[in-house]
Amino acid sequence: MLFLCYKRCSTCKKAQKFLDEKKADYQMRDIVEDNPTYEELKKWYEKSGLPIKRFFNTSGMLYREMQLKDKLPSMSENEMLKLLSTNGMLVKRPLVVTEDAVLVGFKEAEWDEICK
C-alpha cells in the first residue's frame, strides 16, 4: 500500500494514525517532496473510477491562486493530469494506492475496507 500525504496536513496525520492502529503495511511518501508523476496520476485516476476533479486539492491556496475553479472546466483530462503532476500541493490528500483501489481524501469507512 502506498500512502501519499503532506506532513503538515492534519487530515493526513489522522489518516496515518488510522493506518497505524489498523497495523496496515504501507509505504509513506511526501506528496510535496516526491510529487506524483503524470504516469502515476494517469494510472491512479483510471484505477479509481473517480472524476478527475476529485484529485484536485480544491481547498488549497495554490488551487485558489491559480483560479483553477474557473479554468478546469475548459481543460482536457490530459491537461489536468499534467497540471497535477507539476506540484504536490495541487493534489488532494491523503491518497492511498493499493493493488485494487485508489482512495482520495480520508473517509474512515472507505479506508477501513482496504485495511481488512
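This is a predicted model: local features need pLDDT of at least 70, side-chain atom pairs count only at pLDDT 80 or more; totals for chains, interfaces and linings use all residues.
Let's start with helix 5, residues 77–84, where M80, L81, L83 and L84 are buried. Buried here means under 20% relative accessible area, exposed is over 50%, and partly exposed is in between, with a 1.4 Å probe and protein chains only. Helices are DSSP runs of H or I with at least four residues, strands are runs of E with at least two, and both are numbered from the N terminus. The arc is taken from the directions that run from the helix axis to the C-beta atoms. As for partners, the buried residues of helix 5 pack against helix 2 and helix 4 (68–71), where contact means heavy atoms within 4.5 Å.

Residues are numbered from 1 along each chain as its sequence is written, and side-chain values use heavy atoms, with hydrogens and water left out.

Now to helix 1. Helix 1 has twelve residues and spans 17 Å from first C-alpha to last, close to the 16 Å expected at 1.5 Å a residue; the expected span is 1.5 Å times one less than the number of residues. Which residues of helix 1 are buried? They are C12, A15, F18 and L19. Their arc around the axis is only 120 degrees, which puts them on the same side of helix 1. Strand 1 and helix 6 (108–114) are included in what covers them. Turn to the face away from that buried side, and you find the exposed residues S10, K14, K17 and E21. Just after helix 1, K23 takes a positive phi of about 55 degrees.

On to the cysteines. A disulfide is counted when a pair of cysteine sulfur atoms lies within 2.5 Å, and by that rule the count is zero.

Next, the aromatics. Rings of Phe, Tyr and Trp (its six-membered ring) pair if their centres lie within 6.5 Å; planes under 30 degrees apart count as stacked, over 60 as edge-to-face, and the rest as tilted. The whole structure gives six aromatic pairs. One of them is Y45 with F55, which is edge-to-face, at 6.2 Å centre to centre and 85 degrees between the planes. Y45 lies in helix 2 (residues 38–48) and F55 in the loop between helix 2 and helix 3 (61–65), so the pair ties together parts that are ten residues apart in sequence. Y45 is buried at 12% relative accessible area, and F55 is buried too, at 1%. There is also one aromatic cluster, formed by F3, F18, Y26, F106 and W111.

Last topic: salt bridges. One is counted when a side-chain nitrogen of Lys or Arg is within 4 Å of a carboxyl oxygen of Asp or Glu, and the structure holds seven. In the bridge between E33 and K7, the closest N and O atoms are 3.2 Å apart. That pair links distant parts of the chain, 26 residues apart: E33 is in the loop between strand 2 (27–30) and helix 2, and K7 is in the loop between strand 1 (2–5) and helix 1 (10–21). E33 is exposed at 63% relative accessibility, whereas K7 is partly exposed at 48%.

The R29 and E40 pair links strand 2 to helix 2, eleven residues apart. Is R29 buried or exposed? R29 is buried, with a relative accessible area of 10%, while D34 is partly exposed at 40%. Finally, salt bridges that share partners join K7, D30 and E33 into one network.
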